[in-house]
Amino acid sequence: MMHTDTQTDIEANTKAVPLTKLTRGQSGRILCTESDADDSSMLRAMGLRPDASIQLCRLGEPCIVSLMGACGGGCRIGLAKDIASRVMVQLDDSSAH
Amino acid sequence: MSTSSTESHIVPIQRTIAVLGNPNVGKTTLFNRIAGIRAKTSNFPGTTQEARVAHVKLKTKREEIESVLIDLPGIYSLHLDLSESKVCAQVLDGTSAPAGEQAQVPGTLLVVIDATNLMRNLAIVGESLAKRLPTVVAVNMIDAAQRRGIHIDPNKLAECLGCPVVLCSARTGEGVDELIAKLAQAKVSDRSAPTDQAGIERWAEDVYAAVSMPSDEHGGFRDDTLTDRLDRAFTHPILGVLSFVAIMTGLFWMIFKLAAIPMDWIDLWFGSVGGWVGSHIPQGAIHDLMVDGVIAGVGGTVIFLPQICLLFFLLALLEGTGYLARAAFVIDRALRPFGMSGHAFVPLLSSHACAIPGIMAARAIPDKRDRLATILVAPFMSCTARIPVYVLLTTILFPERPLFQAYAFTMCYALGIAAGLFTSLLFRRTILRGKSRPMALELPSYRIPDLKSAFLLTLDRGMIFLKKAGTMILAISIVLWWLGAYPHSAPTDAADDLRAQAESIVDADESESLYSQADSLDMRNSAANSFLGRLGTAFQPIFAPLGYDRQLTVGVLASFAAREVFVSTMAVQVAGSDDVDDDSVLDSIAYATNDDGSRIFTYGTSWSLLFFYVLASLCLPTLVVTAKEAGGWKWAMLQLGWMSLLAYVSAFAAYQIIIMAGGT
């Protein structure tokens, strides 16, 4: 995505960041969700599965993400900040798009 | 399968068609398209899950298939540890069926998926294929997908899945006839999907890549900036709350304003039916039972039906727009500190019409402790049955001062909500220890709501309310009537004296007035001597610290069955007439006097009663529903005990403070 700044670009290639560290409009790929088994499998069934590409549409309470690309762009999910902070994401670097 | 008929004439075949799909894919709208208005809602035995069931004849060219269509709860996966997922899995295995239906492996599985969100939806298709049932896949919302530039190749998809695929739109009706025809040709897929979750996800990705048109890869899908803007407005900390307040104010305004018209009709109708029955049945016990027991009791319940129906209709419309999911997040922020989640929004909102549908709506709350807290809190919301009591008491407290009446009225609502929040906070720190589960909720696309679905849902909820509360209230009314009417008392000496006096008076008006005074005396006497009256005398010492005399105690006791009974009970006791529509009767309640001549409704007792009626659990049907939905009578008893305690203490405090401050 075009909104990523260079600072986060460098981080993106090296480590996972919580979803809540993204800025609005940034996108990335889910690595894992660090919550209990019930929540994780629910999120996974809702489409927040490892390797899914998502875009952050709103940061705050709630966080809103859009499952995009292969998903057809039609799916938006609202997440309590508490849950969003446990979703680990690898940022897309700007050249990937 | 018996469906592969070789005969050319019409053969009736009965089979079950289970409709499965993710939430928010328009499954119910599609179901209603196929089933029409013949569907009914049934529970799955032993669970709080429900499904709509319709017996339909699906007509194809060659045959007419008698089918049982079951609209299963919307789920994201068959394998989640959630009650709705388990129920769906059991139905597909033939081990569970909605009440009234035979449990059998479905003859056909109709999987409804959302064209605008194909890849995630394919996961449940993959899970379904593993069941080896004749399957048809309906790709719904194809109109919305096309508008967004999403193109799906149905033939390729059918090839990948190995079963018939129909592109359709439940909203416009496009493709529905083709779908019905395809249902007759359903066959077990010759393809198989992986069974592990990661495998299904990869499979879904591959299928998606194969069926979506390559032209969309470049430039991506049209981004929906309107949805994005609306979402950010509706979940904004300030703007979101403001729009929430505006929408809810509009909702309640409509519920109270619009429902008033049919409520008046119902009131008139029951009044005239009562009059007609009263004049056609000879005087006696059966006459009284019919008029004072059955008709008055049922009428008193049915009168709330318009508000309940309107609430459900408007809620269904609001849900259809997609707004409710956003509102849930707004309310989540407010409820979380008190230990409830945004999922409690619809149950608590519904409880302002009636706690019964409110508690039933709590079924949708995924976390058990969150659900229990919501059920226990729901009856604190001021339901419409409290309104007649609020009206009576605020009128008595502030006669001729409508502004103060309105303040007091609002205070009642606020007090109920505050008590609910306090209760939740307390229970979540003690018996239901733990934090409310953070919400993760799909935010469906904004749409124009489907009127037909909203109407059918309203019809359904209305019937459930009538059946559940109606039968109960009917029984309670009969018992109450009996307790109030028996044993009969002989006319009192004082009344006889008055009658004798009346006979000797020539002036018709004056003698009429003496006669009615005599009747009123007799009525009060028999009310005092009836079983209910004696109960009042026995229980009065308990309520004395709240400032209630014997007659008020009877009113309160009668209210334990249903609180709206209070006004009519007081009318019967003090005025000798239960026609509370008459202003003069309301006045006669307001200025009624005790046996020793002092006023019953003093400033102190009125405030005390107002607190009591806001907080007390005065509704038997609610307790029954609580016991059922919470899973045991201990929860209903806890609710009753806690609400009674809170009501008693508050009413006591209000009365004693006013007395101490020198009020009366």
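Me: Helices (H or I, at least four residues) and strands (E, at least two) are DSSP runs, numbered from the N terminus. With that in hand, where does B:Ala130 lie?

Reply: B:Ala130 lies in the loop of chain B between α3 (118-129) and β6 (134-140). Before going on, note that residues are numbered from 1 along each chain as its sequence is written, while chains are lettered from A and ligands numbered from 1 in the order in which they are written. This is a predicted model, in which local features need pLDDT of at least 70 and side-chain atom pairs count only at pLDDT 80 or more, whereas totals for chains, interfaces and linings use all residues.

Me: Why does B:Ala130 count as partly exposed, and which residues does it touch?

Reply: A residue is buried if 20 or more other C-beta atoms, placed from the backbone, lie within 10 Å of its own, exposed if 12 or fewer, and partly exposed in between. B:Ala130 has 15 C-beta neighbours inside 10 Å and therefore counts as partly exposed. Two residues are in contact if their C-beta atoms, placed from the backbone, lie within 7 Å; leaving aside residues up to four places away in sequence, B:Ala130 touches B:Ala193 and B:Thr195. By contrast, 66 Å separates the C-alpha atoms of B:Ala130 and B:Pro402, which are 272 residues apart along the chain.

Me: How should I read chain A, and what pattern does it follow along the sequence?

Reply: Chain A has 3 helices and 6 strands, arranged along the sequence as α-β-β-α-β-β-β-α-β. Of its 97 residues, 46% count as buried, and among the contacts in chain A with a separation of 6 or more, 59% come from residues 24 or more positions apart.

Me: How many residues of chain A are in contact with chain B, and which elements give two or more of them?

Reply: The contact involves 28 residues of chain A and 33 residues of chain B. On the chain A side, the elements giving two or more residues are α2 (37-46), β3 (53-58), β4 (63-67), β5 (75-79) and α3 (81-84), with the largest share, 7 residues, coming from α2(A). If Ala, Val, Leu, Ile, Met, Phe, Trp, Tyr, Cys and Pro count as nonpolar, Asp, Glu, Lys and Arg as charged, and the others, Gly among them, as polar, then this side divides into 15 nonpolar, 6 polar and 7 charged residues.

Me: With which strand of chain B does β5(A) pair?

Reply: Two strands pair if DSSP finds at least two bridges between them. β5(A) pairs with β9 (residues 440-443) of chain B in the antiparallel sense over 4 bridges, placing A:Ile77 opposite B:Glu442 and A:Gly78 opposite B:Leu441. Within chain A, 5 bridges join β5(A) to β4(A), again antiparallel, and A:Cys63 has A:Leu79 as its bridge partner.

Me: Are the residues on the faces of β5(A) buried or exposed?

Reply: Both faces are covered, with A:Cys75, A:Ile77 and A:Leu79 buried on one side and A:Arg76 and A:Gly78 buried on the other.

Me: Finally, how far does α27(B) reach from its first C-alpha to its last?

Reply: The expected span of a helix is 1.5 Å times one less than its number of residues. α27 (residues 633-660) of chain B has 28 residues and reaches 40 Å, close to the 40 Å expected. Its buried residues include B:Leu640, B:Met643 and B:Tyr655, and what covers the buried residues of α27(B) includes α15 (368-377), α17 (402-429), α25 (603-615) and α26 (620-630) of chain B. Just after α27(B), B:Gly662 takes a positive phi of about 95 degrees.
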